Amino acid sequence: MAPPRPDVRPDLRAPATLFARHNPDHVPAEALTERELAASIDSLERKLRSARRSLLAAQLAGALITLVVLALGGILLWFGPTPFLENVFGHGGSLKATTYDVFVWWLAVIVLAVMGGAFGDQMLRGRLRMARGWKSRVADLTRRLEDARHVQHRRAAP
């Protein structure tokens, strides 16, 4: 079997290619040819742009979830205990809150605060974990791209 050419990628679905070559961006930049180094830099730039977009999306999603949880809490407190049940069920009626209305109101506030807090906490933890993952990916790709550009610049210098 002939050795694989560097400009042709092997078919990974074929049963004979169990151990395929790594893409050029996974090999140290010093070991690459000029063509492979240029392909590696191009690949790393595309991956870095994609990782930065994903990091931004994760951070925006975390901020959006925070705002939604705070807005829902504010809306809940805006209703207030005065005719709470009438507001919820759409019945017109008294303008004074009874003891039962105040009790149900604060029970609803506490239950929704606990459930909303737990839900919001889990969502934010997941988003922050995802953002930290993308942040480390961006840092890794930036380091690898700078290394590859440094090797390319060193080779270009006489």
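Let's start on the surface: Leu77, Val102, Trp106, Ile110 and Val114 make up a nonpolar patch, with about 480 Å² of accessible area together. Accessible area here comes from the Shrake-Rupley method with a 1.4 Å probe, where only the protein chains shown count as cover for residues. To join such a patch, a residue needs over 30% relative accessible area and no salt bridge, and nonpolar side chains (Val, Leu, Ile, Met, Phe, Trp, Tyr) are linked within 5 Å. A salt bridge is a side-chain nitrogen of Lys or Arg within 4 Å of a carboxyl oxygen of Asp or Glu.

Keep in mind that this is a predicted model, where local features need pLDDT of at least 70, side-chain atom pairs count only at pLDDT 80 or more, and totals for chains, interfaces and linings use all residues. Residues are numbered from 1 along each chain as its sequence is written, and side-chain values use heavy atoms, leaving out hydrogens and water.

Now the overall layout: the chain has three helices and zero strands. Helices are DSSP runs of H or I with at least four residues, strands are runs of E with at least two, and both are numbered from the N terminus. Helix α3 (residues 99-156) gives the most to the patch, four residues. Trp106 sits in helix α3 and is partly exposed, at 43% relative accessible area; that label covers what falls between buried (under 20%) and exposed (over 50%), using a 1.4 Å probe and protein chains only.

Over in helix α1 (residues 34-79) you'll find Arg52. Its C-alpha atom is 9.8 Å from that of Ala139, 87 residues away along the chain.

Terms used: Patch = residues over 30% accessible without salt bridge, like charges linked within 9 Å, V, L, I, M, F, W, Y side chains within 5 Å.
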